[in-house]
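Welcome! Here is a short briefing to read alongside the structure.

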Amino acid sequence: MKNNIETAHHTPKELLSELKTLMGEAETMMAGSLTEHSADALSNLRARFSAAQERFGDIYEGAKKKVVAGAKYTDTTIRENPYQAMAVALGVGVILGVVIGRRTK
């Protein structure tokens with residue numbers, strides 16, 4: 001169930017800000033007295049939360065696809081060039097060892 005009002009992609013910071021706003025509104029509603037508008041406000045909060053939850057799910061799936069694609073690309077590259085990959089890993093290990101070794105002395 002997509003939210004047709006807001007179909008634009010949001011950054012994680014924007015979504016986090018929106019969730020904080022929703023939480024603030026929910027806390028205000030819970031602290032306040034019950035009115036005839038509470039049911040409408042509650043259903044509005046639920047709809048907005050569902051939309052935000054769906055957008056987080058979309059962001060998660062997109063990030064997951066990128067990580068899997070990156071891992072597959074890395075695996076393919078290492079399998080095609082095993083000696084070069086070992087040389088790069090050795091070089092990075094030596095550099096890290098030297099840097100860490102200097103800091104501990």
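Leucine 45 sits in helix 2, which covers residues 38–80; helices are DSSP runs of H or I with at least four residues, strands are runs of E with at least two, and both are numbered from the N terminus. This is a predicted model, in which local features need pLDDT of at least 70, side-chain atom pairs count only at pLDDT 80 or more, and totals for chains, interfaces and linings use all residues. Residues are numbered from 1 along each chain as its sequence is written, and side-chain values use heavy atoms, leaving out hydrogens and water.

**Leucine 45**
- Leucine 45 counts as buried because its relative accessibility is 10%, where buried means under 20% relative accessible area, exposed over 50%, and partly exposed in between (1.4 Å probe, protein chains only).
- Its C-alpha atom is separated by 7.3 Å from that of alanine 26, 19 residues apart along the chain.

**Valine 92**
- Valine 92 has its place in helix 3, residues 82–104.
- With a relative accessible area of 43%, valine 92 is partly exposed.

**The whole chain**
- The protein chain has three helices and zero strands, and its elements run α-α-α from the N terminus on.
- Of its 105 residues, 9% count as buried.
- Among contacts (heavy atoms within 4.5 Å) between residues at least 6 apart in sequence, 70% join residues at least 24 apart.
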